[in-house]
Amino acid sequence: MKILLLEDDIALNDILSDFLSDNDFEVTSCENGEDALEKLIENRFDLAILDINTPSLSGLEVLIELR
């Protein structure tokens with residue numbers, strides 16, 4: 001399963017990415033909303049985990065743009 005993770009807290013991003021990867025998920029992580037939106041448009045993911053308060057675009061704004 002391919003997961004996109006948007007989390008601007010670097011430590012939390014690393015912890016979540018490691019946990020998901022250790023459980024056989026393919027994780028692509030981003031630290032700002034613009035990168036996340038770009039990757040979501042260019043690639044196909046099964047799940048997107050979006051932090052609400054992130055630089056440039058919030059997780060909600062990313063979701064609105066995708067819809």
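Buried means a relative accessible area under 20%, exposed means over 50%, and partly exposed covers what lies in between. In this predicted model, Ser-56 has a relative accessible area of 46%, so Ser-56 is partly exposed. The residue belongs to the loop that links strand S3 (47-50) with helix H3 (59-66). Although Ser-56 is not a glycine, its phi is positive, at about 65°.

Asp-24 is another residue other than glycine with a positive phi, here near 70°. Asp-24 is found in the loop between helix H1 (10-22) and strand S2 (26-30). Its relative accessibility is 70%, and Asp-24 therefore counts as exposed.

## The sheet

Three strands form an open sheet in the order S2-S1-S3, and their pairing is parallel. S2 and S3 are the edge strands, each pairing on one side only. On average, and with direction ignored, neighbouring strands of this sheet are turned by 15° against each other.

Strand S1 (residues 2-6) runs parallel to S2, and five bridges join the two. Within this pairing, Ile-3 has Val-27 of S2 as its bridge partner.

Helix H1 lies across S1, S2 and S3. Relative to S2, the helix runs at about 170°.

Ser-17 is a residue of helix H1. Is Ser-17 buried or exposed? Its relative accessible area is 11%, and because buried means under 20%, Ser-17 is buried. Neighbours within four places in sequence aside, Ser-17 is in contact with Leu-5, Val-27 and Ser-29. Of these contacts, Val-27 is also the bridge partner of Ile-3 in S2.

## The nonpolar core

Which residues make up the largest nonpolar core? The core has nine residues in all: Leu-4, Leu-6, Cys-30, Ala-36, Leu-37, Leu-40, Phe-45, Leu-57 and Val-62. S1 and helix H2 (33-42) each supply at least two residues of this core. H2 gives the most, with three residues.

One member of the core, Leu-57, can be followed through its contacts. Not counting residues up to four places away in sequence, Leu-57 touches Gly-33, Glu-34, Leu-37 and Val-62. Among these, Leu-37 and Val-62 are themselves listed in the core.

## Aromatic rings

How many aromatic pairs does a search of the whole structure find? The search finds zero.

The charged end of Lys-2 sits over the ring of Phe-45, at 5.3 Å from the ring centre.

## Helix H3 and Glu-65

Glu-65 is located in helix H3. With a relative accessible area of 54%, Glu-65 is exposed, because exposed means over 50%.

Along the chain, Glu-65 and Asp-9 are 56 residues apart. A distance of 22 Å separates their C-alpha atoms.

Definitions and conventions: Residues are numbered from 1 along each chain as its sequence is written. This is a predicted model: local features need pLDDT of at least 70, side-chain atom pairs count only at pLDDT 80 or more; totals for chains, interfaces and linings use all residues. Side-chain values use heavy atoms; hydrogens and water are left out. Helices (H or I, at least four residues) and strands (E, at least two) are DSSP runs, numbered from the N terminus. Buried means under 20% relative accessible area, exposed over 50%, partly exposed in between (1.4 Å probe, protein chains only). Rings of Phe, Tyr and Trp (its six-membered ring) pair if their centres lie within 6.5 Å; planes under 30 degrees apart count as stacked, over 60 as edge-to-face and the rest as tilted. A charge sits over a ring if NZ of Lys or CZ of Arg is within 6 Å of the ring centre and within 35 degrees of the ring normal. Contact means heavy atoms within 4.5 Å. Two strands pair if DSSP finds at least two bridges between them. Axes are lines fitted to C-alpha atoms, for helices over the stretch in contact, and angles run from 0 to 180 degrees between N-to-C directions. A nonpolar core is a set of buried Ala, Val, Leu, Ile, Met, Phe, Trp, Tyr and Cys residues joined through side-chain atoms within 4.5 Å.
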